Amino acid sequence: MGVIKGLAYAALVGVLALIVAVAVAAAYLPSYGELTKRSDLGQMVRVRAANGQVLLSLGPSFGRWLPYDQIPPEMRAAIISTEDRRFRSHLGVDPIGIARSVEVRISSGHWLQGGSTITQQLARNIFLTNNRTFIRKVKEGILALALERKFSKDQILELYLNRVYVGGGAFGIDAASRKFFGHGADHLSLAEAAILAGLVKAPSNYAPTADVEAARDRSGVVLQEMAKNGFITPEVAAQANPAQVRIQQTTNNNSVRYFTDWALPQLDTLIDQTTDPIDVWTTLDPGMQVAADRAIRTEAPDGAQGALVAIDRDGAVRAMVGGKDYVTSIYNRATQAERQPGSSFKLFVYLTALESGMKPTDTIVDEPVTIDGWSPRNAEGGNLGPVTLREAFSRSINTVSAKIGQQVGFSTIADMARRFGLTTAISTYPSMVLGSSDVRLIEMARAFASVGNNGVAVTPYAIRRVVTADGQLLYQHEADENRVLVAPWVAAEMTDLLQSAVLSGTGTAAQIGRPVAGKTGTTTSNKDGWFIGFSSGLTTGVWMGRDDAKPVPGLQGGTAPARAFHDFMSVAVANRPVEQFQTQVPLPDWQLTPEEQIYGDQPVDMNDMGPMVDENGMPIGSLPPQGYPPQQQPMVNPDGTGAPTQQELDQAFPPQQPPARRPSPYPPQPQPRYPPYPPRAPAYPPPQNPNEPPRSPPPDPSQPRPYTT
């Protein structure tokens, strides 16, 4: 009898302790509004393309919070039938379910089912971990009873369905529905609701994106349970066909990760640290990205890697491919690899030459040259003799580049490269003019883009704006203040040279049926192949080679890289207007003579004008044939007396306005921050010996000429 009293006393104390624990827990539970904020599940980062398409989701994925009355009845019935058929009748803990779980434990020797109610699962998901210990189960039960005391059944079910993990990183039925079916959960069909309800038991095993058949088989079990518990009739269950549910397939374009891996670390410098879910809107164009990935996979030689980056005129990176396959290699060759650029580095050589006063039509002799013991040779062997700068650039003649470097200074060329954004170490040895210094592809593309932008700096960027889930703006990209790198006429002359390299030089494979300006690059023993060019405001750089820097047979800048450029740009600029390059360069004011400033390109010959006044200083009848009005009535009396009035003078000699100069094809540029250039001197002065016969004029560069050895 004493034992029974003792047990009864212990039970009474236990009940009182449980009541106190539940009351205390209920008092400290968060409010319903706080529980609807799912930040406790971790930060969600969604990376979006320029058109809003989700490129990547990091952390948990949340959909729209659905109030109870917006959750389809089929979804509510399916989850209750599967997870907790007595949900509406118990107080948060189901004694019958616990007893059944213990029975299964005794008969099988291990736990097969936990007997947890929906309320217990909600308590565990919000406040506890998944550790399978007795203490955790006790805490789970107390919290479940507290939840039932503080919230209604409908509120608990709403919290559960909006927070439960359904697989694939999706928390809540709306996120799961959007991930698997492509639409929100507010209009789920019966078969779709059965599939989602079946995922809760084992999300990784039954996820439709991982195993469609397993998901459909599990949904059949859910439909049977719904019919068994009276939520639907057996006929309705039979008519629901999960096999007809269309599962949304995930993208196979893994090259997007090269871009996101480069872009997301920039968030640390753009926004303050936050745990709120954020959407990162980027500059990536999905269509261009697909075309870029296809071009690299198709054109890169066997055994070699490839990279591509495309930059818009404002610096927005539209496509980035760092290798053939992100899964097998996450190394981003577009932003991390440092390789020799070959002749594509001549961009800086010729920019320096043009800025120093040379012109594309100036003539330089292609001949053997030795500088400090270094003797460059042309790729095709031999020499052409006198050539224009335009022909030397389009043919990528090495000896001419060496002569230019010797004349303008190798350190000056290195400074030009740094001015255009190269951050790697640039050699000042003579061989640097042929691209012997290591560079990054994205920085070379940036330099070419700045030339295409009339000499104004282009800074690549990836993130347009960052917003929270409730629409709060955390960051908005602002265009950099225009920074002039070279004068606009220098950039236009450089564009002229780059266009000639594609029209008739080493880059003809890059032609796309509209104006293209670009340059090839090939390193020693065909270890690296480059092509970088621009058209219709888009600049694209392509590199190919092996990671171990071994030779690739047949690899040249004008072959596979130029073809990849062609394949990509044909798609990328297809919907852009055709833009002609403005290569007619207006001279700066300091290079115009006074006559040119007044009369434009057709100065008046003062020797042909004749006398304009008589011996008394009065105007006479004959007026100059050019630029003046026709003969007026005499302004003096026939006897020679009288003086013309000011009105008569104005009628006879209206104020002369200088002819309007040809409008510049370039937008107004900020005042350069460097002094005017000195008057242009010839690249190579004529011989000083008067007995030396005059040189013959250079041949027409457009005509084929044999090399001389």
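Trainee: Hi! Are H16 and H19 roughly perpendicular or roughly parallel to each other?

Mentor: Roughly perpendicular. This is a predicted model, and in it H16 (residues 346-356) and H19 (residues 410-419) pack at an angle of about 105°. Angles of 65 to 115 degrees count as roughly perpendicular, so this pair qualifies.

Trainee: And how far apart are the axes of H16 and H19?

Mentor: Their axes are 9 Å apart.

Trainee: Which residues in H16 and H19 meet?

Mentor: From H16 you have Phe348, Val349, Leu351, Thr352 and Glu355. On the H19 side they meet Thr412, Ile413, Met416, Ala417 and Arg419.

Trainee: How do the residues of that contact divide into nonpolar, polar and charged?

Mentor: The contact of H16 with H19 has 6 nonpolar, 2 polar and 2 charged residues.

Trainee: Which ones are buried in H7?

Mentor: Lys153 is buried, and so are Ile156, Leu157, Glu158, Leu159, Tyr160, Leu161, Asn162 and Arg163.

Trainee: Zooming out, how many helices and strands are in the chain?

Mentor: The chain has 24 helices and 15 strands. Of its 709 residues, 47% are buried.

Trainee: What does the accessible surface of the chain come to?

Mentor: About 35500 Å², with 53% of that belonging to carbon and sulfur atoms.

Trainee: Last one: among contacts with a separation of 6 or more, what share comes from residues 24 or more positions apart?

Mentor: Those residues account for 69% of such contacts in the chain.

How values were computed. Residues numbered from 1 in each chain as written. Predicted model: local features only at pLDDT ≥ 70, side-chain atom pairs only at ≥ 80, totals over all residues. Heavy atoms only, no water. Axes fitted to C-alpha atoms, helices over the stretch in contact; angles between N-to-C directions. Helix = DSSP H or I, 4+ residues; strand = E, 2+ residues; numbered from the N terminus. Parallel < 35°, antiparallel > 145°, perpendicular 65-115°, else oblique. Contact = heavy atoms within 4.5 Å. Nonpolar A, V, L, I, M, F, W, Y, C, P; charged D, E, K, R; others polar. Buried < 20%, exposed > 50% of the residue type's maximum accessible area, 1.4 Å probe, protein only. Areas by Shrake-Rupley, 256 points an atom, 1.4 Å probe, with all protein chains shown as cover.
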